[in-house]
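I opened my notebook on this model.

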Amino acid sequence: MREADEQGFRDFAVRQAGVLRRTAYLFCGDWHTAEDLMQASLLKLYQAWHRVHWRENANAYARKVLLRTWLDEKRRPWRRAEQRDGELPDVADASADPELASRQLWARELVRAALLEVPPRQRAVLVLRYFEDLPVNEVALAMGCTEGTVKSQTARGLVALRAAVERLEAGTVVAS
Amino acid sequence: MSEAELRECLRDAVADEPPLDFDPDALIERGEHLRKRRRALVAVGVATLALTATVLTLPGVLGGQRSAQVAGPPLITTAESAPSSAVEVPGVTPTGVPGDAAKTARAEVLSSRLRVTFAKFFPRTKVVEIDVKEVEEPAAGQRAAMPMTFGTVVFIDDYGRAELNIAISEQTPMRDPVQFCADTACEKRLPQQDGSTVTFGTIIDEASGRITVTAAHFRRDGVLVQVNAHNFDPAQGTAKATRPGPAADYDQLLLLATDRALTTW
């Protein structure tokens with residue numbers, strides 16, 4: 001790779017690493033796996049950078065690679081996680097305001113746990129639309145499907161997420 | 001849960017993000033390593049494919065070269081032979097090639113020579129097929145089977161389809177003029193300038209009217225060349241004569257039998 005291209009990739013990777021890791025975390029629900037997904041995606045991107053860098057929207061390509069990497073990873077036998085029933089650990093942040101921290105923690109864990117109950121592709125659509133704030137056409141590009149499919153997956157995902165939240169709020173705690 | 005609440009909750013969900021320890025140089029180094037490894041794998045794959053293709057195609061290429069040698073420019077002249085039988089023949093002697101490959105190569109060379117010689121002595125005919133092969137003929141009183149080169153020329157002349165048979169072998173006690181005349185009704189014997197002899201014979205089947213004339217050249221180097229012509233088509237298995245006389249006359253048989261291009265190695 002030429003030096004200019006390499007520098008371009010380095011800048012892009014530094015700029016996008018955090019974003020990709022956060023998105024990956026919402027996909028998989030685990031920071032370590034998210035870190036691996038981000039690294040693997042950037043590695044794939046590096047291999048294809050000579051084809052990608054001239055494109056206007058490298059970010060969209062990176063999201064697509066990340067999504068594919070996660071879906072591929074999820075299909076692997078050793079990634080097939082079983083559904084586990086149990087109490088979420090009570091993790092308190094002693095440095096924060098106890099009341100605020102408790103409320104944030106509850107909301108965070110609630111959504112995270114509920115999100116993990118949503119089927120993978122619907123989960124991906126929800127993350128891309130409501131976390132990345134992408135328009136439907138860009139989500140469709142990242143997902144490799146039509147805009148109509150994105151809309152229907154969004155609707156189904158929201159229904160599934162709300163149902164999961166209701167279950168969790170009712171006291172049935174489900175974690176990945 | 002509204003969409004706005006969902007957005008806010010998703011942002012909160014990543015609020016406890018651990019510090020990012022990302023080293024782009026390490027990633028690039030790993031990428032380069034993977035790229036080199038992939039290139040090496042591709043190179044090894046290509047080399048393996050090329051090697052496999054070479055191994056698989058080599059016999060065909062060598063076969064083609066042998067054919068090319070057979071069809072190559074004229075190199076050998078039969079300087080020792082009588083003037084009437086001197087003819088330029090193509091090809092080289094494929095010595096040093098082991099086993100069946102050597103047999104095949106010799107047969108191809110002889111086939112090519114036979115084609116040239118035949119065209120010269122039978123100008124008004126159209127050759128349909130020339131087949132030459134080396135066979136092992138069991139010989140009485142010999143420990144091992146005697147090798148013999150057997151050629152067939154199928155051609156079409158004014159009377160139709162005909163066939164000539166040429167047998168080239170080493171002379172043995174069973175393949176001498178006396179034995180030849182014991183099997184065949186010898187008609188005449190022509191001494192050649194080089195001291196060799198050509199004996200003509202005829203085999204007649206009274207019942208079917210089939211006639212085979214033969215010329216046997218007992219050469220001084222121990223080679224026996226025998227040429228047969230028929231008034232029927234042996235390949236078709238015809239029981240009766242298909243033409244007034246044999247497909248070759250004595251002169252043509254003599255020319256073929258004495259041609260030095262037709263010999264053994």
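This is a predicted model: local features need pLDDT of at least 70, side-chain atom pairs count only at pLDDT 80 or more; totals for chains, interfaces and linings use all residues.

Residues are numbered from 1 along each chain as written, chains are lettered from A and ligands numbered from 1 in written order, and side-chain values use heavy atoms, without hydrogens or water.

**Chain A.** I found eight helices and two strands, taken as DSSP runs (H or I, at least four residues; E, at least two), numbered from the N terminus. The order is α-α-α-α-β-α-α-α-α-β. Of 176 residues, 48% are buried (under 20% relative accessible area, 1.4 Å probe, protein chains only).

**Cavities.** I searched a 1 Å grid over the protein atoms alone for points where a 1.4 Å probe fits but cannot get out; lining residues have an atom within 4 Å of a point. Volume is the space filled by probe spheres on the points, joined across faces, edges and corners. I got two cavities of 30 Å³ or more. β4(B) gives the largest share, three residues. The lining has seven nonpolar, two polar and no charged residues, with Gly counted as polar.

**Helix α5(B).** Which residues of α5 (250-257) of chain B are buried? I list B:Gln252, B:Leu253, B:Leu254, B:Leu256 and B:Ala257. At the helix start, a side-chain oxygen of B:Asp249 comes within 3.2 Å of the backbone nitrogen of B:Asp251.

Terms used:
Buried means under 20% relative accessible area, exposed over 50%, partly exposed in between (1.4 Å probe, protein chains only). A polar contact is a pair of N or O atoms within 3.5 Å; within protein, one must be able to donate a hydrogen and the other to accept it, and residues adjacent in sequence count only if both atoms are side-chain atoms. On a 1 Å grid over the protein atoms alone, a cavity is a set of points where a 1.4 Å probe fits but cannot get out, and a pocket is an open set with protein on both sides within 12 Å along at least five of seven lines; lining residues have an atom within 4 Å of a point.
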